[in-house]
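Morning, everyone. One model today, a few local details. Please look at the screen.

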Amino acid sequence: MGLQFGIKEVYNLNIVDFATNKPFIYVDYAGATTNENTAERTSLKGGQGYYKLMDFDHSKESTLKLTVPLVDIKLLAMLAGDDLVEGATSIFKREELMVDVNYEELEALKEDNSDKKMITLSKTPINETVVVHKLEGLRDYGKEVTVSDVTGNKVELTGVDLGDRVVAFYQYLSPATAKKFSIKANKFPKTVKIFGDGLWRDQETGMDKAVKMMIHKAKPQANFTLTTSGSDVTTLEITFDLYPIKDADGDMSYIDYVVL
């Protein structure tokens, strides 16, 4: 095996909780993994002409930038500093409906000679609270309609005609399998470890060699942008700040690369 390699493929990453050593995210779909290292240099100058005598290097920093084309909601929760929880939660819904689409109920209302009409929601509202407006044009909100009764997902209306188009606003409970995380003002990302598996190609033999990347201690930066676009797919970029850990030789190590 030579010492020269061609490097192309991204790393498959295991992100592990630093405190508990429990793995919680596996990323084998990254678009790019970039390890950037920076340092500052202070020069000592003197003599006639004040020329450079020597340099002192210091303040070395290392980061890992992860670019992912698939957005894992556990990654988003990690960046938000929140836990991904499963359970029923309150959801807001906007629903366009036509008055009296249920013909059996329509006939009963006709026989009752009542001015009350009915719509049937697709979900059952929480606390039987529903706000209804007439629909003007394609999407505009017209006059608010009086809701006289809510029973289950049946909403009784006053002051509308059969065939009128209305918009109903309400909240309902999501399924118990729904997953939720929140971006909170007082929560920030936790510290993690990152283990990566990559391939480097030996220039002499043309054979791919397994490479292990080991980041001992890292923390995602709290700054992230989640953009949705009508013309482009969403790509998430995450930057981890790396922190040194004392190795067996007594040096402070950010990251290890092991070519197998």
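What covers the buried residues of H1? Hold that for a moment. This is a predicted model: local features need pLDDT of at least 70, side-chain atom pairs count only at pLDDT 80 or more, and totals for chains, interfaces and linings use all residues. Residues are numbered from 1 along each chain as its sequence is written, and side-chain values use heavy atoms, with hydrogens and water left out.

Now the answer. The cover includes E2, E3, strand E5 (51–68), strand E15 (208–220) and strand E16 (236–242). Helices (H or I, at least four residues) and strands (E, at least two) are DSSP runs, numbered from the N terminus.

Buried means under 20% relative accessible area, with a 1.4 Å probe and protein chains only. Those residues are Leu 75, Leu 76, Ala 77, Met 78, Leu 79 and Ala 80.

Look at the helix ends. At the start, a side-chain oxygen of Asp 72 comes within 2.7 Å of the backbone nitrogen of Lys 74. Just after H1, Gly 81 has a positive phi of about 75 degrees.

Next, the hairpin. E2 (residues 12–17) and E3 (residues 23–27) run antiparallel, joined by 4 bridges. DSSP must find at least two bridges for strands to pair. Leu 13 sits opposite Val 27. Between the strands are 5 residues, and Asn 21 in the turn has a positive phi of about 65 degrees.

Last, Thr 33, in strand E4 (residues 32–46). Its relative accessible area is 18%, so Thr 33 counts as buried. Beyond neighbours within four places in sequence, Thr 33 contacts (heavy atoms within 4.5 Å) Val 10, Tyr 11, Leu 13, Lys 65 and Leu 66.

How values were computed
Buried means under 20% relative accessible area, exposed over 50%, partly exposed in between (1.4 Å probe, protein chains only). A polar contact is a pair of N or O atoms within 3.5 Å; within protein, one must be able to donate a hydrogen and the other to accept it, and residues adjacent in sequence count only if both atoms are side-chain atoms.
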